[in-house]
Amino acid sequence: MASIPLASLASTGQKIPLIGLGTAEFPFGEDEATVKQSVLHAIEVGYRHFDTAALYQSEKPLGDAIAEALQRGLIKSRDELFVTSKLFSSNCHSHLVLPALQQTLKNLGLEYLDLYLIHVPVSLKPGAQLPFAPGDILVMDFEGVWKAMEECQNLGLTKSIGVSNFTCKKIEKLLATARIPPAVNQVEMNVFWQQKQLRKLCEEKGIHITAYSALGSKGTPWELNSRPIDCDALKEIASGREKTVAQVRTRGTEDLSSEPAATEFIRASQRCAGTG
């Protein structure tokens, strides 16, 4: 089996596997067993990059899977893994960032994250949950929240910090006051939504892009009518090269990292096999 290629994060020099497994299973938190088994299967076939979030309610099953993988000898050390989690919007307040990360680490049973992201560039009232009311939405204090994120990195609780779902305008606003630039911007990106302008800006600023829903977002409220995995053009290319659509989808984006969802763990195996 070919190994998964790595990229270097410009702000820290840290290595990030270019293919990872996302653990968002909608409705959130309703099938922890699937998340755990998907992670274990992915570790068995060679995955080392795993993405979770407080919002997904998948931190605990991911942590349970990591603990079992260590017990079974599938990995020798937690240090072999790259684990990402995200700050939920109700904790996007300068005084709540550190406690939120500490809770995430407790959920995972880990001492540190490899990457901690601001999930979306919007704050909610402290304590607000989904579904939230329009009155719960607040303008984020970018400078204050990012300063707290920087402190989390300085404390060694996360090796790198970054953002998710940030537009070009939001990135420019953040960079205006940041002492540590974001290492990553995780956004939806696929053959139907290529985000060329955002990709260009991130490249110029040394910000690595992680693409989520690279194969589509099946079973979610935001699922597109046409999914990349069902694209006829990609099917034709795959057939001509005796590859799967999932394998074809990863080609041509070697400078990005990509994450299928936990329920796509069979395709995850195909993608892993297709990296060589």
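**Salt bridges, core and surface**

Tutor: Start with Lys-60, which forms a salt bridge with Asp-64; their closest N and O atoms are 3.0 Å apart. Keep in mind that this is a predicted model.

Student: How many residues apart are Lys-60 and Asp-64 in helix α2?
Tutor: Four, so about one helical turn separates them.

Student: How many salt bridges does a search of the whole structure find?
Tutor: Eight. In one of them, the side chains of Lys-36 and Glu-68 meet at 3.0 Å, N to O. Lys-36 sits in helix α1 and Glu-68 in helix α2, so this pair ties together parts 32 residues apart in sequence.

Student: New topic. What about the inside? How many residues does the largest nonpolar core have?
Tutor: It has 52 residues. Phe-50, Leu-87 and Ile-118 have the most contacts inside it. A second, separate core has nine residues, including Leu-18 and Val-184. As background, nonpolar side chains tend to be buried together in soluble globular proteins.

Student: What does Leu-87 touch, leaving out residues up to four places away in sequence?
Tutor: Among others, Cys-92, Val-97, Tyr-116, Ile-118 and Met-149.

Student: Now helix α6. Which residues are buried there?
Tutor: Leu-198, Leu-201 and Cys-202. They cover an arc of only 95° around the axis, which puts them on the same side of α6.

Student: And what is exposed on the other side of α6?
Tutor: Lys-196, Lys-200, Glu-203 and Glu-204.

Student: What do the buried residues of α6 pack against?
Tutor: Helix α5 and strands β10 and β11. Just after α6, Gly-206 takes a positive phi of about 75°.

Student: Which residues make the nonpolar surface patch?
Tutor: Val-122, Leu-130, Phe-132 and Ile-137, covering about 320 Å². Phe-132 is in the loop between β7 and β8. At 37% relative accessibility, Phe-132 counts as partly exposed.

Student: Last one. How many helices and strands does the protein chain have?
Tutor: Nine helices and 12 strands. Of its 276 residues, 52% are buried.

How values were computed. Residues numbered from 1 in each chain as written. Predicted model: local features only at pLDDT ≥ 70, side-chain atom pairs only at ≥ 80, totals over all residues. Heavy atoms only, no water. Buried < 20%, exposed > 50% of the residue type's maximum accessible area, 1.4 Å probe, protein only. Helix = DSSP H or I, 4+ residues; strand = E, 2+ residues; numbered from the N terminus. Arc of directions from axis to C-beta. Contact = heavy atoms within 4.5 Å. Patch = residues over 30% accessible without salt bridge, like charges linked within 9 Å, V, L, I, M, F, W, Y side chains within 5 Å. Areas by Shrake-Rupley, 256 points an atom, 1.4 Å probe, with all protein chains shown as cover. Salt bridge = Lys/Arg side-chain N within 4 Å of Asp/Glu carboxyl O. Core = buried A, V, L, I, M, F, W, Y, C linked by side-chain atoms within 4.5 Å.
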